[in-house]
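Subject: Handover of a structure model and findings

Dear colleague,

Please find below the structure that I am handing over to you. My findings follow it, arranged by topic.

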Amino acid sequence: MPRFQCTTIVSNPFQQNTFVANLEGRADCLVVDPGLEPEKITQFLGEKDLEPAALLITHGHSDHIGGNHALKARWPDCPIIASVGDAVKLTDPQQNLSAQYGLAVTSPPADQTVSEGDLLQIAGFELEVLEIPGHSPGHVVFVWKGASPIVIFGGDVLFAGSIGRCDFADGNFDQLSQAIHGKIFTLPDDTLVLPGHGPNTTVGDEKRANPFVGRPAGYRD
Ligand SMILES: [Zn+2]
């Protein structure tokens, strides 16, 4: 299997992680959740001679979509792929929570929408879409099951030692917890989780120690 290369680019002010991922020897890449400082992303792509084959959106909050305009301006043919449930947030500053911060962030609309079980073949990756509602109703994660270990582009679902906020008007802790238990904790312990904020983690570490959804919170395999 070709080597997986993945770089995390952190955007302020929310310390949001954008991931640029490609397979060694290939110039096409994934850009997951282009953040609010897209010049960092375009500069990195330029330095590495990488070309985005898709902008993958885990959910429609402004800190995860704020770079879409800039990347689409530079690579107009690169599709924005978002979930059926959260696509509406891309173009609505109220729904993507930017209006509340006085930013009024919007994105171009999604070029393609995805839902549970969809398989995406992009830049040599095969990614399965899983719906994990609770932080945002249409939140999805992208799971690369062909990798060893499995890799999850996870957005704001499961963090190292934490979970995505559920106190938004459309948040729901029970949904988030159930979806993590049913769809993420059922993956192997060494599954790598690349979250939307903070350091990487693994399914095993979060099962063992996560205070919100792991064993300290009563989770049992
Ligand atoms: Zn979010």
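Helices and strands are named here as DSSP runs, helices (H or I) of at least four residues and strands (E) of at least two, numbered from the N terminus. Please note that the model is a predicted one.

Zinc site

The zinc ion takes its protein donors from H59 (NE2), H61 (ND1), H135 (NE2) and D156 (OD), at distances of 2.1 to 2.5 Å. Along the chain these donors are spaced as H-x1-H-x73-H-x20-D. H61 belongs to the loop between strand 4 (51-56) and helix 2 (62-65), and H135 to the loop between strand 8 (125-131) and strand 9 (140-144), so this pair ties together parts that lie 74 residues apart in sequence. Both H61 and H135 are buried.

How is the geometry of the zinc site classed? The site is irregular, with angles among the four donor atoms that run from 87 to 174 degrees.

Six strands form an open sheet in the order 7-8-9-10-13-14, and their pairing is mixed. Strand 7 (119-122) and strand 14 (201-202) are the edges; each has a single partner strand, so one side of each has no neighbour in the sheet.

Strand 7 and strand 8 run antiparallel and are joined by four bridges. Within this pair, L120 has L127 of strand 8 as its bridge partner. Strand 8 and strand 9 likewise run antiparallel, again with four bridges between them; here E131 is partnered by V140 of strand 9. Five of the seven residues of strand 8 are buried, so this strand is largely enclosed by the rest of the structure.

Backbone features

Two residues other than glycine with a positive phi deserve a mention. A123 has a phi near 55 degrees and is located in the loop between strand 7 and strand 8. The hairpin of these two strands has two residues between them, and the positive phi of A123 falls in that hairpin. At 7% relative accessibility, A123 is buried. Q15 has a phi near 50 degrees and is situated in the loop between strand 1 and strand 2. Q15 is partly exposed, its relative accessible area being 43%.

One links N12 to P13, with omega about 5 degrees, and P13 is in the loop between strand 1 (4-11) and strand 2 (16-23). Another links S148 to P149, with omega about 0 degrees; P149 is placed in the loop between strand 9 and strand 10 (151-155).

Nonpolar cores

Which residues touch the most other members of the largest nonpolar core? They are L30, L56, L120, L127, F142 and F153, in a core of 22 residues. Two or more residues of this core come from each of strand 2, strand 3 (28-32), strand 4, strand 7, strand 8, strand 9 and strand 10. Leaving aside residues up to four places away in sequence, L120 touches L56, I81, Q112, V114, F125, E126, L127, V129 and F142.

A separate core of 20 residues lies apart from the largest one and includes V143, C166, A179 and V213. C166 has a relative accessibility of 19% and counts as buried, the cut-off being under 20%.

Cysteines

How many disulfides does a search of the whole structure find? The search finds zero. C78 is in no disulfide, and the nearest cysteine sulfur, which belongs to C29, is 7.9 Å away; a disulfide would need the two sulfur atoms within 2.5 Å. C78 is buried, at 5% relative accessibility.

With kind regards

Definitions and conventions: Residues numbered from 1 in each chain as written. Predicted model: local features only at pLDDT ≥ 70, side-chain atom pairs only at ≥ 80, totals over all residues. Heavy atoms only, no water. Donors = N, O, S within 2.8 Å, 3.2 Å for Na, K, Ca; no water. Tetrahedral: all angles 85-135°; square planar, octahedral: opposite > 155°, others 65-115°. Buried < 20%, exposed > 50% of the residue type's maximum accessible area, 1.4 Å probe, protein only. Pairing = 2+ DSSP bridges. Core = buried A, V, L, I, M, F, W, Y, C linked by side-chain atoms within 4.5 Å. Contact = heavy atoms within 4.5 Å.
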